[in-house]
Amino acid sequence: MDFNGTWKVYSEENLEEFLKAVDAPEMVVKMRKEVKPLMVIEQTGQDFTFTMKMPMCTKVHSFSIGKETEMTTLDGRKMKCTVSEDPSGRLIAETDKFTSVREIQGEEMVETLTAGSVTFIGRSKRV
């Protein structure tokens, strides 16, 4: 799947519930409820850079498929994860708190995050 491009989030389901399930501080929950981020994805082979842009901050995460990496949450917490790619091209990231599955469905990028019994679904379109 080709994830390259600039993506604008237009739909988020269960955002607040998910953020609470992963112990995000109330400040982060409030901020994210009010802002839909812009995501810039650069993909070169197995190497990715995700840049999440919001009015109050920009976060950059770089990783390579199959290699453990450290990422920083919006509130500064560090977490380790490994991103894999399944046969259909979906990107699957696993941390100790949640699992993320990112895929292209038609003209949309869909991210499904699961923490315990809570599932968040974010939908973005290329801009």
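# Salt bridges and core of a predicted model

Tutor: Glad you're here! In this predicted model, Glu 12 and Lys 36 form a salt bridge, with their closest N and O atoms 3.8 Å apart.

Student: What makes Glu 12 and Lys 36 a salt bridge?

Tutor: The cut-off is a Lys or Arg side-chain nitrogen within 4 Å of an Asp or Glu carboxyl oxygen. The closest N and O atoms of Lys 36 and Glu 12 are 3.8 Å apart, so the pair qualifies.

Student: Where in the chain do Glu 12 and Lys 36 sit?

Tutor: Glu 12 belongs to strand E1 (residues 5-13), while Lys 36 is in the loop between helix H2 (26-34) and strand E2 (38-44). The two are 24 residues apart, and the pair links distant parts of the chain. There is also a network of salt bridges here, linking Glu 12, Arg 32 and Lys 36.

Student: Why is Lys 36 called partly exposed?

Tutor: Buried requires under 20% relative accessible area and exposed requires over 50%. Lys 36 has 35%, so the label in between, partly exposed, applies.

Student: How many salt bridges does a search of the whole structure find?

Tutor: The search finds 9. One of them joins the side chains of Glu 70 and Lys 80, at 4.0 Å from N to O. Glu 70 lies in strand E5 (residues 68-72) and Lys 80 in strand E6 (residues 78-85), 10 residues apart. Glu 70 is partly exposed, because its relative accessibility is 45%.

Student: What about Glu 111 and Arg 102: are they buried or exposed?

Tutor: Buried means under 20%. Glu 111 has a relative accessible area of 17% and Arg 102 has 9%, so each counts as buried. They form a salt bridge too, with the closest N and O atoms 2.8 Å apart.

Student: Which residues touch the most other members of the largest nonpolar core?

Tutor: Of its 31 residues, they are Phe 18, Ile 41, Phe 48, Phe 63 and Leu 91. The largest share of this core, 4 residues, comes from E3.

Student: What is Phe 18 in contact with?

Tutor: Beyond neighbours within four places in sequence, Phe 18 contacts Phe 98, Leu 113, Thr 114, Ala 115, Val 118 and Phe 120.

Notes: Residues are numbered from 1 along each chain as its sequence is written. This is a predicted model: local features need pLDDT of at least 70, side-chain atom pairs count only at pLDDT 80 or more; totals for chains, interfaces and linings use all residues. Side-chain values use heavy atoms; hydrogens and water are left out. Buried means under 20% relative accessible area, exposed over 50%, partly exposed in between (1.4 Å probe, protein chains only). A nonpolar core is a set of buried Ala, Val, Leu, Ile, Met, Phe, Trp, Tyr and Cys residues joined through side-chain atoms within 4.5 Å. Contact means heavy atoms within 4.5 Å.
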